[in-house]
Amino acid sequence: MDAVLVILETADGTRGIGTADPSPGYSRQTSQEIWDALSDVILPRFLEVQPETPCEGAAVLESVQGHENARCAVEMAFLDLCGHVNDKSVASFFGGTSRKRERLNAWIGVDTPQSMAENARVWRDRGFASLKLKLDGNPERDIERVRTVVGAVGSQMQVRADVNGAYDSKTAIDVARELEDTELVHLEQPVPQDDLDGLEAVTKSTSTTIMADECLLTLDHVRKVLDRGAADRLKLKPLRLGGLLQANDALEMAADAGIDCVVGHGFGLTPATSAELLLTTSHENVFRPVESVGLLKMADQPFESTYSYSDGMVQLAEAPGLGVSVSDNHLSEFSETRLTIP
Ligand SMILES: [Mg+2]
């Protein structure tokens, strides 16, 4: 996959790293757009201001309109750098972790109900305690998919389902009501992202837990969904919100409203995964297991991390910054374009 790596380096050689890893066809920015925003706008401004604290860094990034993915990469690198300079974990900027382990959520793409159930058993046998089903917007088929998978593994696994906005609100209400008697833990973004009225109507028409995802583009959207009670649960993606501190603020806003949140990404590389795990382990209102599952999808990447992974569980280590380093020799096998801004 194409991704953009930002390395911020001080005069004494201390480094911070951050990645923007957009999902093709899903993220709102491409790698090329992220690159252009970083090289033309964000990094020149950031280096001109020379912020020294996470707050100062956030203020510079907030002065940039749009370019959320690119801002997230710079913020991640800057928090990592601040962590290394002060010998602190990035988690300290989110209030500090209360736990050292985090379970990951499995996922199953759209398929026949029987194949999805088969796949669910495979994840269960690998030690996973939860999974997310992707649905495709065919209501009868989707209901059958959920029922079949819950029937196969529901007594041992938490089952979630994601519609990615594929129903109109009337269909979404019908499906959500139909699923009320299953053990489904939530139905994610059942209506299109710009239909907040529809989302609220679905949430208020059913006892099935409804989670908002694609409609949460900024903190303003998060606030609006919380104020209206338009969803029972939120999915927060630091890359989409424009940074980890934004996601941290969103988690705090949700906590004040008594709402829990799933945190995750599509194809996060190790720096993004580590950053998200340091964020989730710092908050009580994170709905677990988390969806920061990039590490399960990558065959190889030029990073070394201090955390370890087995049986659906990540064990975090005490380490400064993100606890991740970039392997320079290995990086040359991956990097196609480099730009240094002095
Ligand atoms: Mg989703």
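In the predicted model, helix 8 (residues 219-228) and helix 10 (residues 244-256) pack at an angle of about 10°, and their axes are 10 Å apart. That angle makes helix 8 roughly parallel to helix 10. From helix 8, the residues that make the contact are L219, V222, R223 and L226; helix 10 contributes Q246, D249, A250, M253 and A254. Sorted by class, the contact of helix 8 with helix 10 comprises six nonpolar residues, one polar residue and two charged residues.

Helix 1 (residues 31-49) takes part in a further packing arrangement, with helix 3 (residues 68-86). The angle between helix 1 and helix 3 is about 50°, and 9 Å separates their axes. Helix 1 and helix 3 are therefore oblique to each other, and helix 1 passes helix 3 in a right-handed crossing. On the side of helix 1, the residues involved are I34, A37, L38, I42, L43 and F46. These residues meet N69, A70, R71, V74 and F78 in helix 3. The contact of helix 1 with helix 3 has nine nonpolar residues by class, together with one polar and one charged residue.

Helix 1 also packs with helix 2, at an angle of about 140° and with the two axes 10 Å apart. Helix 1 and helix 2 are therefore oblique to each other. The crossing in which helix 1 passes helix 2 is right-handed. I42, R45, F46 and V49 of helix 1 make this contact with G57, V60 and L61 of helix 2. By class, the residues of the contact of helix 1 with helix 2 divide into five nonpolar, one polar and one charged.

Two local backbone features lie in loops. The loop between helix 1 and helix 2 (54-62) contains Q50. Although Q50 is not a glycine, this residue has a positive phi of about 55°. The other feature is a cis peptide bond that joins R288 and P289, with omega about -5°. P289 is located in the loop between helix 11 (270-280) and strand 11 (291-292).

At the level of the whole chain, the domain assignment gives domain 1 (4-93 + 327-331) and domain 2 (95-324). The C-alpha centres of domain 1 and domain 2 lie 25 Å apart. Across the interface, 32 residues of domain 1 are in contact with 37 residues of domain 2. The area buried between domain 1 and domain 2 is about 2,700 Å², and carbon and sulfur atoms give 61% of this area. Of the area that domain 1 buries against domain 2, D21, Y26 and A91 supply 19%, more than any other three residues.

Technical notes: Residues are numbered from 1 along each chain as its sequence is written. This is a predicted model: local features need pLDDT of at least 70, side-chain atom pairs count only at pLDDT 80 or more; totals for chains, interfaces and linings use all residues. Side-chain values use heavy atoms; hydrogens and water are left out. Axes are lines fitted to C-alpha atoms, for helices over the stretch in contact, and angles run from 0 to 180 degrees between N-to-C directions. Helices (H or I, at least four residues) and strands (E, at least two) are DSSP runs, numbered from the N terminus. Angles under 35 degrees count as roughly parallel, over 145 as roughly antiparallel, 65 to 115 as roughly perpendicular and the rest as oblique. A crossing is left-handed if the near helix is turned anticlockwise from the far one by less than a right angle, and right-handed if clockwise. Contact means heavy atoms within 4.5 Å. Ala, Val, Leu, Ile, Met, Phe, Trp, Tyr, Cys and Pro count as nonpolar, Asp, Glu, Lys and Arg as charged, and the others, Gly among them, as polar. Domain bounds come from an automatic or database domain assignment. Buried area is the accessible area (1.4 Å probe) that two parts lose on being put together, summed over both.
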